[in-house]
Amino acid sequence: MNDGFDWDAVRESLPLLLEGFKVTLLATVLGTLVAAVLGLAVAMAGRAPSRFVTVPVRVVTEFVRSTPLLVQLVGAAALFNTVEPLYIGITVLGIHYAAYTSEVYRAGIDGVPKGQWEACRALSLPPRRTWQAVILPQAVRNVLPALGNYAISMFKETPFLAVITVQEMVFEARKYGAENFAYTEVFTLAGLIFLVASYPTSLLMRKLEKRLGH
């Protein structure tokens with residue numbers, strides 16, 4: 001172990017971290033898709049006329065929001081210990097963030113001007129056509145930046161998957177650091193990879209938000 005920064009450890013660990021980054025990226029992309037679809041379903045269920053639908057949806061959503069992601073991951077891994085950890089991680093990430101994206105969708109739907117609803121009723125459009133052709137396109141357009149920001153947040157929380165043995169980037173960094181006593185080098189490199197991947201996306205989301213705001 002060198003007293004200074006070990007650049008050999010950086011070069012040696014980079015391929016391992018990039019392999020882990022593929023898993024990180026996969027978990028983020030699939031988790032975001034789950035959160036986007038499930039969040040919309042939760043938002044729609046929350047507008048149902050029956051309390052037998054809205055109350056259970058509200059209870060489950062509040063439970064998910066009120067418990068840490070780490071606890072949810074460990075609990076799910078214990079309950080479904082025969083399932084591949086990566087699948088568990090993707091599902092838990094998706095459900096966790098769906099609880100938040102549902103509120104984003106709700107705000108987007110509530111933000112559609114009342115005149116749009118009235119026009120649909122005046123044209124006698126069926127409810128399904130009203131939602132598909134008029135309401136949802138406008139609502140989703142308005143919430144895209146917020147959904148993108150949640151995707152970035154999910155990306156930065158994928159290191160939690162290491163606790164259920166998903167071999168993402170931080171898992172590989174910790175493993176390499178333990179075997180080669182190079183924690184500083186390998187975690188610095190992992191942090192830089194996170195920065196390079198997330199910062200441009202953050203800038204893109206800000207630009208998109210400004211454009212949609214005009």
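## A loop residue to start with

Ser124 sits in the loop that links α5 (114-122) and α6 (127-157); the helices here are DSSP runs of H or I with at least four residues, strands are runs of E with at least two, and both are numbered from the N terminus. The model is predicted, so local features need pLDDT of at least 70 and side-chain atom pairs count only at pLDDT 80 or more, while totals for chains, interfaces and linings use all residues. Residues are numbered from 1 along each chain as its sequence is written, and side-chain values use heavy atoms, with hydrogens and water left out.

Most residues other than glycine have a negative phi. Ser124 is also exposed, with a relative accessible area of 62% (exposed means over 50%, buried under 20%, and partly exposed in between, using a 1.4 Å probe and protein chains only).

Thr165 is another residue to look at, with a positive phi of about 70° although it is not a glycine. You will find Thr165 in the loop between α6 and α7 (169-180). Its relative accessible area is 49%, which makes Thr165 partly exposed.

## The chain as a whole

Let's step back. The chain holds 8 helices and 0 strands, so its pattern along the sequence reads α-α-α-α-α-α-α-α. The C-alpha trace spans about 75 × 45 × 25 Å along its principal axes. Of the 214 residues, 37% count as buried.

## The largest pocket

The largest pocket has a volume of about 430 Å³. Its lining has 19 residues, and the closest to the pocket centre are Val60, Phe63, Val64, Gln72 and Ile95. A pocket is an open set of points on a 1 Å grid over the protein atoms alone, where a 1.4 Å probe fits, with protein on both sides within 12 Å along at least five of seven lines; lining residues have an atom within 4 Å of a point. Grid points are joined across faces, edges and corners, and the volume is the space filled by probe spheres set on them.

Helices α1 (7-45), α2 (51-66), α3 (69-79) and α4 (85-110) each supply at least two lining residues. The most come from α4, with 6 residues.

Thr24 belongs to helix α1 and is buried, at 0% relative accessible area. Beyond four places in sequence, Thr24 touches Phe155, Thr158, Glu168, Met169 and Phe194. Thr24 and Met154 are 130 residues apart in sequence, yet 9.9 Å apart in space, C-alpha to C-alpha.

Thr54 is found in helix α2, and counts as buried at 8% relative accessibility. Leaving out neighbours within four places, Thr54 is in contact with Ala45, Gly46 and Ala48.

Key: Contact = heavy atoms within 4.5 Å.
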